[in-house]
Amino acid sequence: MLDSPIPPQLESEASFQLLFHQHPLPMWVVDAETLVFIAVNDTAVRKYGYSREEFLTMTMDQIATPMEDAGETVADDSHGASTAWRHKTKEGAMLLVESTWHEIPFAGRDAVLVLTLDRTEQRRAEQRNREQANLLNLASDAIIVRNLDNVVLFWNQGAERLYGWNTQEMIGAKTIETFVKDREYEAEIELLKTGVWTGQLTHQSKAGQAVIVNSRWTLVREDDGSPKAVLVINTDVTETKKLESQFLRAQRLEGIGTLASGIAHDLNNILSPILMSCGILRKEFDDEDTLKMLSIIEGSAERGAGIVKQVLTFARGVEGERVLLQLKHLVSELAKVMAQTFPRNIDIQTNFPPDLWTVMGDATQLHQVLLNLCVNARDAMPQGGGIRLSAENVNIDQHFASMNPGAQLGPYVVLRASDTGSGMSPQTMEKIFDPFFTTKEVGKGTGLGLATVIGIVKSHGGFLTVQSELGVGTTFSVFLPSSQEKGSDVAKEEVPIARGNGELILVVDDEPPIREALVRTLTANGYHAYTAEDGSDALALYFQRRSEIAAVITDISMGQMDGVTLVRSLRKVDPKVKVIVSSGHLQKEHIVVLEGLGVKAFLDKPYTADKLLRALQGVLKQTDEQPEVVK
């Protein structure tokens, strides 16, 4: 709004003319009806480039057009009405002006006094500010301006997307009361000292979720250098940090895999003589207490071997041996373990039909599936509750298969693990099979249990479903393809192991306890044995006694010459040599090479005397025409 410097109704014509021509702002008097210029002051002539004579032949609308976004402001009689206009000079320059119009009598006619104030630079500055604000809103980063009292002065759309509060909610709000969890005193001190600060901060969104940002603060100063405000630019790195965390966990898992591979051989070498010695001692003692103790030792050693195998399966994806399994035995064994190890306030029940079908699977891996599900169930019931393990036969039809990805038509055995725990929300259920996702406290869960479960189930050709309700409980159902053969509770009678007939067996292993246990086992069962502690010694001995040696039992990992190189060399000396290869960690690439060299028998350490003797019996029966595969 412009104040009129001339009250027209009071000024004399002489004084009006003086003030009119000397006024520093452009002024015109135009006819109220035709808008023809009647008078123009000197400032208007200088600023617009037209002579006074040219102006007096023109009308106001030849130099002025209203602004599209301008609205008229009506004032009182002494102030007139102020409006935004575009004016054009004689040279074509565009001026953005604020124009005030006053109705006055002039030279006996109705006229309008027009006074203009040039707002060109101001309007252009406002336009630049709007454009800059729009550019800031296009930025993906959160851009915030706050004063020294942490009150928000500017909040761009990137900040809206990151934190969830809109501009109207945040302008005038305090950061410490909204998205900042704890005041960053050290950052503020550094900012005041140097004018800038950069670092990583953890904030919170409107929904209460943690937001991790890389933040840069810049101190904005007054003209005199005093601090005025702070420009904050925050880049969201929440997902990046999650990926980094997952990558580090994956690296740790890779380290576990490497460690597991390294120690598997040593642990299995330790367990091998224990298992073989149990077989020897059973023949030397017949009292019930000793035999019971030997069974405990043998069972513990086999369980230790199973744990090593389970770690290898988890860490490196080692493919286990698939055999025909009766799952109710697996369920019963796990129920006994849980009854001994789970809290007493958790009731464990089992249920399965007597005619449960069998499945082809790896017992260790399926034991791990059930154990992981039961451990999760236990953790969901800190105050106690119930776990129910059940199994049943089902035939999947087209309707059920269409509703469950991975399901095929046909017979399945279903293992169910149900609990009366806290249950899960739909949002949690969507993520439970994601690697590293866990609802447990830091240090109490890796987020890999269910990811491992789904991997094992899929590798068995099965699928998994889950139903859960908050405050009620959860049920996991594991569907495994069935062989449709009825499981038998009576173990099949195995063919008795024939004693040796004095055959000479070459034992090759770099572990003295294993060599001694092997020799004791062989000699106790009618064989003779030579030993060698590495491949080079074994090759020299075989070269001297090849006509006497009936078979070679060799380890894979040895110092001077490994088992693969030894077998290759033995084949060159005697293409018909019969070999059993054993290892604490028999890798797939080794098996492929050894099978190519004609090896048909493999023993995973640790193995019992019974497995050893059966493998040896099978190898000795091999002929060139009909080789028998022994595992």
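## Aromatic pairs

Two rings of Phe, Tyr or Trp (for Trp, the six-membered ring) form a pair if their centres lie within 6.5 Å; planes under 30 degrees apart count as stacked, over 60 as edge-to-face and the rest as tilted. By this rule, the predicted model described here holds 16 aromatic pairs. The rings of tryptophan 28 and phenylalanine 37 have centres 6.0 Å apart and planes at 40 degrees, so this pair is tilted. Phenylalanine 37 also pairs with phenylalanine 55, and this pair is edge-to-face, with 5.2 Å from centre to centre and 75 degrees between the planes. Phenylalanine 37 lies in strand β2 and phenylalanine 55 in helix α3 (residues 52-55), so the pair ties together parts that are 18 residues apart in sequence. Here, helices (H or I, at least four residues) and strands (E, at least two) are DSSP runs, numbered from the N terminus.

Ring pairs link Trp28, Phe37, Tyr48, Tyr50 and Phe55 into a cluster. A residue is called buried under 20% relative accessible area, exposed over 50%, and partly exposed in between (1.4 Å probe, protein chains only). Tryptophan 28 is buried because its relative accessible area is 0%, and phenylalanine 37 is buried at 2%. Phenylalanine 55 is buried as well.

## Basis of the model and confidence

Residues are numbered from 1 along each chain as its sequence is written.

The predictor's confidence in each residue, pLDDT, runs from 0 to 100. The protein chain has a mean pLDDT of 81, and 83% of its residues reach 70 or more. The pLDDT is below 50 over residues 486-492, a stretch with eight contacts (heavy atoms within 4.5 Å) in the model beyond near neighbours in sequence. It is also below 50 over residues 624-631, where the corresponding count is 16 contacts. Where pLDDT is low, the predicted coordinates should not be read in detail.

## The chain as a whole

The protein chain has 19 helices and 24 strands. Of its 631 residues, 42% count as buried. Among contacts between residues at least 6 apart in sequence, 58% join residues at least 24 apart. The accessible surface (Shrake-Rupley method, 1.4 Å probe) comes to about 34200 Å², of which 52% belongs to carbon and sulfur atoms.

A disulfide is a pair of cysteine sulfur atoms within 2.5 Å, and the structure holds zero disulfides. Cysteine 278 counts as buried because its relative accessibility is 2%, and cysteine 374 is buried at 1%.

## Nonpolar cores

In soluble globular proteins, nonpolar side chains tend to be buried together. A nonpolar core is a set of buried Ala, Val, Leu, Ile, Met, Phe, Trp, Tyr and Cys residues joined through side-chain atoms within 4.5 Å. The largest has 35 residues, and those with the most contacts inside it are Leu327, Leu373, Leu415 and Val478. Elements that each supply at least two residues of this core include α10 (327-341), β15 (357-361), β17 (410-419) and β19 (473-486). Helix α11 gives the most, with six residues. A second, separate core has 24 residues, among them Val564, Leu566, Val567 and Val577.

Valine 359 lies in strand β15 and is buried because its relative accessibility is 1%. Beyond neighbours within four places in sequence, valine 359 is in contact with residues including Val323, Leu327, Leu366, Val413 and Leu480. Valine 359 and valine 323 are 36 residues apart in sequence and 8.0 Å apart in space, C-alpha to C-alpha. Leucine 327, for its part, touches Leu356, Val359, Leu366, Val413, Leu415 and Leu480, not counting residues up to four places away.

## Backbone exceptions

Most residues other than glycine have a negative phi, and most peptide bonds are trans. Leucine 35 is not a glycine, yet has a positive phi of about 60 degrees; leucine 35 sits in the loop between β1 (27-31) and β2 and is partly exposed at 24% relative accessibility. Alanine 107 also has a positive phi, near 55 degrees. This alanine 107 is in the loop between β6 (94-106) and β7 (109-118) and is exposed, with a relative accessible area of 71%.

A cis peptide bond joins lysine 605 and proline 606, with omega at about -5 degrees. Proline 606 lies in the loop between β24 (601-604) and α19 (609-620).

Terms used
Predicted model: local features only at pLDDT ≥ 70, side-chain atom pairs only at ≥ 80, totals over all residues. Heavy atoms only, no water.
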